[in-house]
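Hi,

Here is the structure we talked about handing over. Please load it first, then read my notes below.

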Amino acid sequence: MAQLKAISPCSSLNLSVHVPKSDLMLCNDNVSFSKKSALFQELGARNSELQGDAVVSNKGNGLRVHCNKGIQAVLSHDKATEVFEATKTKGLRGKLNKVVLAYSGGLDTSVIVPWLRENYGCEVVCFTADVGQGVGELEGLEQKAKASGACQLVVKDLQEEFVRDFIFPCMRAGAIYERKYLLGTSMARPVIAKAMVDVAKEVGADAVAHGCTGKGNDQVRFELTFFALNPELNVVAPWREWDITGREDAIEYAKKHNVPVPVTKKSIYSRDRNLWHLSHEGDILEDPANEPKEDMYMMSTSPEAAPDKPEYVEIGIVSGLPVSVNGVKLSPASLLSKLNEIGGKHGIGRIDMVENRLVGMKSRGVYETPGGTILFTAVRELESLTLDRETMQVKDSLALKYAELVYAGRWFDPLRESMDAFMEKITEKTNGSVRLKLYKGSVSVASRTSPNSLYREDISSFESGQIYDQADAAGFIRLYGLPMRVRAMLEKGI
């Protein structure tokens, strides 16, 4: 008999199992043994004693113990044994040990899993970030990932971090790309990529991979974040390497490798959803002359079908950031979810635009951002009370550059971080509340109040006052207009 120990790095716990030598097989840093040895029952019984990152889970006819920095004990069926054997050899394009893949469970990332194993001889850890895309998109992911050949699926809830540390700073800065785009996908990619770098460290991966195409912006956003946070990681971008040229080829590849995928060749729109927005691209939208079909929208009601009675919503704001809805304080993610529900009901936040991609081409997209549109309006209206003219003008000019940096994937650029410090400072007195009227796709301000308001009724009134003497305006105009007057005198020879 030989003794097999799975050791948790987060505790002093040892799992000791006696295995017949005839059933023991060593394979790299993994230990595999036949399902004939019934010891998986003993491992399963002691699952609750594991701490930290150790996980014991059933897989097919066997059981796996995952434990970072420890020994992985595997009771595998024949297919799993083949996976481990495959990772011992060099792939068609080189050798990597373990790759963390940004995984959605869709067509592209599903076929990437076997492609990585085939081409780099590596284990694939699938990573999925919950950024508010909906429960439906997270269901069944573990089964899909393992069916594709992944050794593990890691899911992290990033919703609060996403809203607090990425969405809110952009909103405070007033960042809007090319007059319309509220940067929904642009903000989500760095928070996902940051989490991937963390997971790569946790599981001991030497590479990360994504399913972005070579024509889009997301490849830049992911990889700039990887470079900024861990420049030693290898980056694999299959769409820039493989022979698959489109979705039809990917479907055929999936069928050939027995990979289950949730799409067919009849799928039409390419969508990206998170807690901030839902984007639509492809199909009839590729022609800017085509009007979007109403059945395409998923987050918002048609303005024509929205309630005939307007709804009022009050947003409480502290230091330029929203903290409450209708007097109820909420966490960042909960607050945004609430406003998505309210705004979507009234058809708020639909945007149809042709934008300039970072890689040089133009693309057409339709975006639904109900809660975000409400919040942007509220913050802007409160700033009209709390910011003076020069500060507002500088802030607006910097907002353009801020949006450009975020759109281009430079979230961790020192320039954006420095601009963020400026935005935080100048909005520290932006406190108060804004009451908005929502009606059939429109958002209009009903009232705004702030204890730090620079608006003074006694000064702004048309009635005479002691602070502002209207007679002073004559001298001001003469001095302010002096350059124009001098130029006119020169042209007329005066």
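Of the contacts in the protein chain between residues at least 6 apart in sequence, 70% join residues at least 24 apart. Keep in mind that this is a predicted model. The chain has 494 residues, and 48% of them are buried. Its secondary structure comes to 15 helices and 21 strands.

Next, a helix pair. Two packed helices are described by the angle between their axes and the distance between the axes. Here the pair is α5, residues 159-173, and α11, residues 389-407. Their axes come within 9 Å. They cross at roughly 145 degrees. On the α5 side, the contact uses Pro169, Cys170, Arg172 and Ala173. On the α11 side, it uses Lys395, Ala399, Tyr402 and Val406. By class, the residues of this contact are six nonpolar, two charged and no polar.

Is Phe222 buried or exposed? Phe222 has a relative accessible area of 5%, under the 20% cut-off, so it counts as buried. Leaving out residues up to four places away in sequence, Phe222 touches Ala102, Arg189, Ile192, Ala193, Met196, His210 and Cys212. Lys194 is 28 residues from Phe222 along the chain. The C-alpha atoms of that pair are separated by 8.6 Å.

Glu286 is another one to look at. It lies in the loop between β14 (278-281) and β15 (311-318). Its relative accessibility is 63%, over the 50% cut-off, so Glu286 counts as exposed.

Last, the surface. Ile459, Ile467 and Tyr468 form a nonpolar patch there. Together they have about 310 Å² of accessible area. Ile467, one of the three, is placed in the loop between α13 (457-460) and α14 (472-480). With a relative accessible area of 57%, Ile467 is exposed.

Best regards

How values were computed:
Residues numbered from 1 in each chain as written. Predicted model: local features only at pLDDT ≥ 70, side-chain atom pairs only at ≥ 80, totals over all residues. Heavy atoms only, no water. Axes fitted to C-alpha atoms, helices over the stretch in contact; angles between N-to-C directions. Helix = DSSP H or I, 4+ residues; strand = E, 2+ residues; numbered from the N terminus. Contact = heavy atoms within 4.5 Å. Nonpolar A, V, L, I, M, F, W, Y, C, P; charged D, E, K, R; others polar. Patch = residues over 30% accessible without salt bridge, like charges linked within 9 Å, V, L, I, M, F, W, Y side chains within 5 Å. Areas by Shrake-Rupley, 256 points an atom, 1.4 Å probe, with all protein chains shown as cover. Salt bridge = Lys/Arg side-chain N within 4 Å of Asp/Glu carboxyl O. Buried < 20%, exposed > 50% of the residue type's maximum accessible area, 1.4 Å probe, protein only.
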